[in-house]
Amino acid sequence: MDFSFDTSALKMLNESYYLLLRDRREESANNVLTNVADYWRGATPQSWVSNIFLDDPPIELTGMPDAAMSRTELHQYLQSDPNPHRALAAILAWGGTGYRARDHISSTWSDWVMTFHALKGKRSEAQYTHYLKATKERSLRGLGPAFFTKIIFFTAGEESPGYILDQWTARSANALTNDNTFIRLNPEQRVVQPDGILRPRGFIVSSRNSPERYARFNRLVEAVADNLGCSPEHAELIMFSKATFWRAYLVQRANENRNLSLEMTS
């Protein structure tokens, strides 16, 4: 699948990637990106379970990690522990799944685990199709695309990997294609920004993004990887780009376009 990249945005992403590597010339690019990826550790799985399920956790905590895990450590843990309850909880803890969804997650936990176990190893688009349908029908509750694509990222079959689609990778995809509807986003609550203008506090990945749209996003991540000369997983990480000037560029892009939130939902 060919993509028509926005030239200036792609140049900006390349420069952000270069600066990420520039100060660590003694390390390989792969090592640098792995270290950056592993900086995020989310919540401790045991504490996440205790906070979500309070006094009646349906998960045996014995054997669950009692420290927050990096991406690499989570990959290793998922290979070593086949228990679907603990595996799903570990992914959601790593992903920073908020406690605001506590009631929804706990009330449909058995359905989440059954679905998670049944879909593990399936093609990413098939997983997305099932999760999207189930959450829309409310048989699974508490998680939207930004969170269930984290499950897909860690469990999709190797022949059809899926990447994390949150607001920052979505906004990156929209900027790189110069198409604010490439991935649909819903604006969060509007607040007055430091410049005095009322803007959304952030964006949420819309459940209106179809499986075909998610598949197109996955191909875009792989095309970005080809352009940067890195793995797709690392390309997705660069698109997420916390604390880089690419992230600043995405914020500025939204600030300069007051109608951006309207375009993203059209």
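These are my notebook entries on a predicted model of one protein chain.

I number residues from 1 along each chain as its sequence is written, and for side-chain values I use heavy atoms, with hydrogens and water left out.

**Entry 1: the whole chain**

I counted 14 helices and four strands in the protein chain. Both are DSSP runs numbered from the N terminus, with helices being H or I of at least four residues and strands being E of at least two. Of the 266 residues, 48% are buried. For accessibility I used a 1.4 Å probe on protein chains only: buried is under 20% relative accessible area, exposed is over 50%, and partly exposed is in between. I then looked at contacts, meaning heavy atoms within 4.5 Å. Among contacts with a separation of 6 or more, 66% come from residues 24 or more positions apart.

**Entry 2: Asp 81**

I looked up Asp 81, in the loop between α4 (71-80) and α5 (84-94). Asp 81 has a relative accessible area of 8% and is therefore buried. I searched for polar contacts, which are pairs of N or O atoms within 3.5 Å; within protein, one atom must be able to donate a hydrogen and the other to accept it, and residues adjacent in sequence count only if both atoms are side-chain atoms. The side chain of Asp 81 has such a contact of 2.7 Å with the side chain of Arg 86. The Asp 81 side chain also reaches the backbone nitrogen of Asn 83, at 3.0 Å. With neighbours within four places in sequence set aside, I found Asp 81 in contact with Arg 86 and Ala 87.

**Entry 3: α4 against α5**

I then took the two helices on either side of that loop. The axes of α4 and α5 are 10 Å apart and the packing angle is about 170 degrees. Axes here are lines fitted to C-alpha atoms, for helices over the stretch in contact, and angles run from 0 to 180 degrees between N-to-C directions. The helices α4 and α5 are therefore roughly antiparallel; the classes are under 35 degrees for roughly parallel, over 145 for roughly antiparallel, 65 to 115 for roughly perpendicular, and oblique for the rest. From α4 the contact uses Arg 71, Leu 74, Tyr 77 and Leu 78, and from α5 it uses Arg 86, Ala 87, Ala 90, Ile 91 and Trp 94. By class I get seven nonpolar, no polar and two charged residues in this contact. I count Ala, Val, Leu, Ile, Met, Phe, Trp, Tyr, Cys and Pro as nonpolar, Asp, Glu, Lys and Arg as charged, and the others, Gly among them, as polar.

**Entry 4: α1 against α13**

Helix α1 (residues 7-22) and helix α13 (residues 245-256) have axes that come within 8 Å and cross at roughly 150 degrees. This pair, α1 and α13, is therefore also roughly antiparallel. On the α13 side I listed Phe 245, Trp 246 and Tyr 249, which meet Ala 9, Met 12, Leu 13, Glu 15, Ser 16 and Leu 19 of α1. The contact of α1 with α13 divides into seven nonpolar, one polar and one charged residues.

**Entry 5: salt bridges**

How many salt bridges does the whole structure hold? My search found seven, with a side-chain nitrogen of Lys or Arg required within 4 Å of a carboxyl oxygen of Asp or Glu.

One of them joins Glu 73 and Arg 41, at 2.7 Å from N to O. Glu 73 is in helix α4 and Arg 41 in the loop between α2 (29-37) and α3 (45-53), 32 residues apart. Glu 73 is partly exposed at 32%, as is Arg 41 at 34%.

Another joins Glu 236 and Arg 71, at 3.1 Å from N to O. Glu 236 lies in helix α12 (residues 232-240) and Arg 71 in helix α4, so this pair ties together parts 165 residues apart in sequence. I found Glu 236 buried at 2% and Arg 71 buried at 5%.

**Entry 6: positive phi**

Arg 138 is not a glycine, yet has a positive phi of about 70 degrees. Arg 138 sits in the loop between α8 (124-136) and α9 (145-155) and is exposed at 51%. Asn 178, also not a glycine, has a positive phi of about 50 degrees. I placed Asn 178 in the loop between α10 (167-177) and β1 (185-187), where Asn 178 counts as exposed at 54%.

Technical notes. Predicted model: local features only at pLDDT ≥ 70, side-chain atom pairs only at ≥ 80, totals over all residues.
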